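Please read them beside the coordinates.

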Amino acid sequence: MVNPFAVRGLRILTLAYPADFRRRYIDDITQLAIDRHRHEHVSAWRILADETADTLRTAPLQRWETTMGRIIIISTIAAAALIAALVAQVMLVPLVLVLAACAVAFSRGRRPIAADQPSHRWVRWLVAGVVALGAAVAIPLIDGGELNAFWWSAMALAGILGIVALIVSLLMVLDGRTGRTTTAPIG
Amino acid sequence: MTEYVESRHNDVVTDRDDVDAFLPLPASVMHIVVALADGEKHGYAIMRDVKELSDGTVRMGSGTLYGSIKRMLDQSLIEEADERPDPALDDQRRRYYRLTELGQQVGAAEHRRLTALVDAARLRQLGIVPGGAW
């Protein structure tokens, strides 16, 4: 009889993986652990420890391999970099971080079997970015140049959201032009 | 000029460039290819086979195993067979996998590459202790 708490812990561990991977393989992963327990006589908690170490190593890579995962990670880094630039007024370091993240995201070669279907979602992100940046530019003009705390915050937020949206749009375009599948090369 | 690789059964003719594009294969993928070379297997059987082939030095966690399987499916190196119980284990239904023609060709190409590397190491006496066995 397999310890139900260990099985539950293993299934919770799979939350670290992308949703489609988890849906597809959660039953296989659970069965694999049960097989090891039954046929190799490994303790359930030892299996859970092994799987935790394996998940810590493989789940971030799997997240990175999905297009949306890369977009979210890079957008988060970009937003954090922009906030740091606004708060600490250190522009160069955040920009270098964003460029480095983009270079890492697209520096590895891809070997697609079939090209992606063309997607036009990047247009929506582009429009959203332009609108947000337009609002950030327009706010000082509307207020006559003297901004109180509320309008200053609104302008900063609109600017940040606009730049993030433009970065997401650019990443979607780059991903579509290289004809990638949503998976990275093997390994 | 494009060079073509014919399969064993002359059913699939694959551009050598397509095959070579997969090389070098990561170790985890090559282990799975070798495990599937002698027939269909389910995930636990693949894991067990890899462990036996490597004398216990290579142990795949489920994330590594199914992550590699997912990528290999996406790259058409393997395909899913049916779901059925393994009579050697129990009556639980399991998903079986097998190599595709492309997977066999890529595995063979990787085998040739590794063999050439081992031969070169042997020629240069790598690992041979002077005056004795290694």
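1. Basis. This is a predicted model, in which local features need pLDDT of at least 70 and side-chain atom pairs count only at pLDDT 80 or more, while totals for chains, interfaces and linings use all residues. Residues are numbered from 1 along each chain as its sequence is written, chains are lettered from A and ligands numbered from 1 in the order in which they are written, and side-chain values use heavy atoms, with hydrogens and water left out.

2. Layout of chain B. Chain B has five helices and five strands, taking helices (H or I, at least four residues) and strands (E, at least two) as DSSP runs numbered from the N terminus. Their order along the sequence is β-β-α-α-β-α-α-β-β-α.

3. Burial and surface of chain B. Of the 134 residues in chain B, 44% are buried; buried means under 20% relative accessible area, exposed over 50%, and partly exposed in between (1.4 Å probe, protein chains only). The accessible surface of chain B is about 7500 Å², and carbon and sulfur atoms hold 52% of it. Accessible areas come from the Shrake-Rupley method with a 1.4 Å probe, and for residues only the protein chains shown count as cover. Among contacts in chain B with a separation of 6 or more, 49% join residues 24 or more positions apart, a contact being heavy atoms within 4.5 Å.

4. Helix α2 of chain B. Which residues are buried in helix α2 (residues 27-36) of chain B? They are Val29(B), Met30(B), Ile32(B), Val33(B), Ala35(B) and Leu36(B). The cover over the buried residues of α2(B) includes β3 (41-42), α3, α4, β4, β5 and α5 of chain B.

5. Asp49(B) lies in helix α3 of chain B. Asp49(B) counts as buried because its relative accessible area is 16%, under the 20% limit. Beyond its neighbours within four places in sequence, Asp49(B) is in contact with Ala35(B) and Lys41(B).

6. Size of the interface. Contacts between the chains involve 32 residues of chain B and 27 residues of chain A. The two chains bury about 2700 Å² between them, with 53% of it on carbon and sulfur atoms. Tyr44(B), Tyr66(B) and Arg71(B) supply 25% of the area that chain B buries against chain A, more than any other three residues. Buried area is the accessible area (1.4 Å probe) that two parts lose on being put together, summed over both.

7. Make-up of the interface. Nine residue pairs are in polar contact between chain B and chain A (both at pLDDT 80 or more). The elements giving two or more residues to the side of chain B that touches chain A are α3 (43-53), α4 (62-74) and β5 (90-99) of chain B. The largest share, 11 residues, comes from α4(B). By class, that side has 14 nonpolar, nine polar and nine charged residues. A polar contact is a pair of N or O atoms within 3.5 Å; within protein, one must be able to donate a hydrogen and the other to accept it, and residues adjacent in sequence count only if both atoms are side-chain atoms. For the classes, Ala, Val, Leu, Ile, Met, Phe, Trp, Tyr, Cys and Pro count as nonpolar, Asp, Glu, Lys and Arg as charged, and the others, Gly among them, as polar.

8. Salt bridges between the chains. A salt bridge is a side-chain nitrogen of Lys or Arg within 4 Å of a carboxyl oxygen of Asp or Glu. The count over all chains is 17, and four salt bridges lie between chain B and chain A. Arg24(A) pairs with Glu80(B) in a salt bridge, with the closest N and O atoms 3.6 Å apart. Arg36(A), Glu40(A), Arg46(A), Asp50(A) and Arg59(B) are linked in a network of salt bridges.

9. Salt bridges within chain B. Arg98(B) and Glu79(B) form a salt bridge, the closest N and O atoms being 2.8 Å apart. The pair links strand β5 of chain B, which holds Arg98(B), to strand β4 (residues 78-86), which holds Glu79(B), 19 residues apart. Asp119(B) forms a salt bridge with Arg122(B) at 3.1 Å between the closest N and O atoms; both lie in helix α5 (residues 101-123) of chain B, three residues apart, about one turn of the helix. Asp119(B) is partly exposed at 35% relative accessible area, whereas Arg122(B) is exposed at 52%.
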